[in-house]
Amino acid sequence: MPTPASFTPLSLPVGMRATRAVQALLSLLPAQPPEGWSEAAVEAALQQQGIRVNRVTVYRALDRLVRAGVLHRTVDAQRVGRYWVQGRPTGSASAHLECRACHQTVALYAEAAAVQAALHSLQQALSQATGVSNPMLDVTVQAECAQCAAEAATQTT
């Protein structure tokens, strides 16, 4: 699944220390996999680059990047934190599909125009009904992905 066109090399947020691990983390984030970054995936990617980093350092760096607005975090049904490069303006919406069978998580970007239109309608309804301003939605839909649904269909025939 394609990633947003707005992905560019990321710069260090103001006030964040430019450690070797943080700089390496920022360099790998634009290559975000469709399922988002898990802590384990970030740690493995850094180690593949030859950067020895412990799990606590990775968690802290990811948390700082979330607080700085570079990333946003979701938690899937397996309670795995997933980190997504923040490529959307304040008050926008994101949607993810999490497969109930294989537990793969996939971001639904602009190519899912009908989903984005529905999320925009929900934002407008929330604003009108509650008076909140710029609601930011992060929706996770649980269903079977196309591959698992096709496998299930072949097993029943």
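1. How many helices and strands does the protein chain have? The protein chain has 5 helices and 6 strands, where helices (H or I, at least four residues) and strands (E, at least two) are DSSP runs numbered from the N terminus. Along the sequence they follow the pattern α-β-α-α-β-β-β-β-α-β-α.

2. On the basis of the model: this is a predicted model, in which local features need pLDDT of at least 70 and side-chain atom pairs count only at pLDDT 80 or more, whereas totals for chains, interfaces and linings use all residues. Residues are numbered from 1 along each chain as its sequence is written, and side-chain values use heavy atoms, with hydrogens and water left out.

3. On the chain as a whole: of the 157 residues in the protein chain, 37% are buried; buried means under 20% relative accessible area, exposed over 50%, and partly exposed in between (1.4 Å probe, protein chains only). Among contacts with a separation of 6 or more, 52% come from residues 24 or more positions apart, a contact being heavy atoms within 4.5 Å.

4. On the helix pair: the axes of α2 (residues 39-48) and α3 (residues 55-67) come within 10 Å and cross at roughly 115°. Axes are lines fitted to C-alpha atoms, for helices over the stretch in contact, and angles run from 0 to 180 degrees between N-to-C directions. The helices α2 and α3 are therefore roughly perpendicular to each other, the term covering angles of 65 to 115 degrees.

5. On the residues between these helices: E39, V42, E43 and L46 in α2 meet R55, V58, Y59 and L62 in α3. By class, this contact has 5 nonpolar, no polar and 3 charged residues. Here Ala, Val, Leu, Ile, Met, Phe, Trp, Tyr, Cys and Pro count as nonpolar, Asp, Glu, Lys and Arg as charged, and the others, Gly among them, as polar.

6. On the cysteines: the count comes to 0 disulfides, a disulfide being a pair of cysteine sulfur atoms within 2.5 Å. C99 is in no disulfide, and its nearest cysteine sulfur, that of C102, is 3.6 Å away. C99 is buried, with a relative accessible area of 1%, whereas C102 is partly exposed at 37%.

7. On V85: this residue lies in strand β3 (residues 81-85) and is buried, with a relative accessible area of 8%. V85 and W37 are 48 residues apart in sequence and 8.8 Å apart in space, C-alpha to C-alpha.

Definitions and conventions: Angles under 35 degrees count as roughly parallel, over 145 as roughly antiparallel, 65 to 115 as roughly perpendicular and the rest as oblique.
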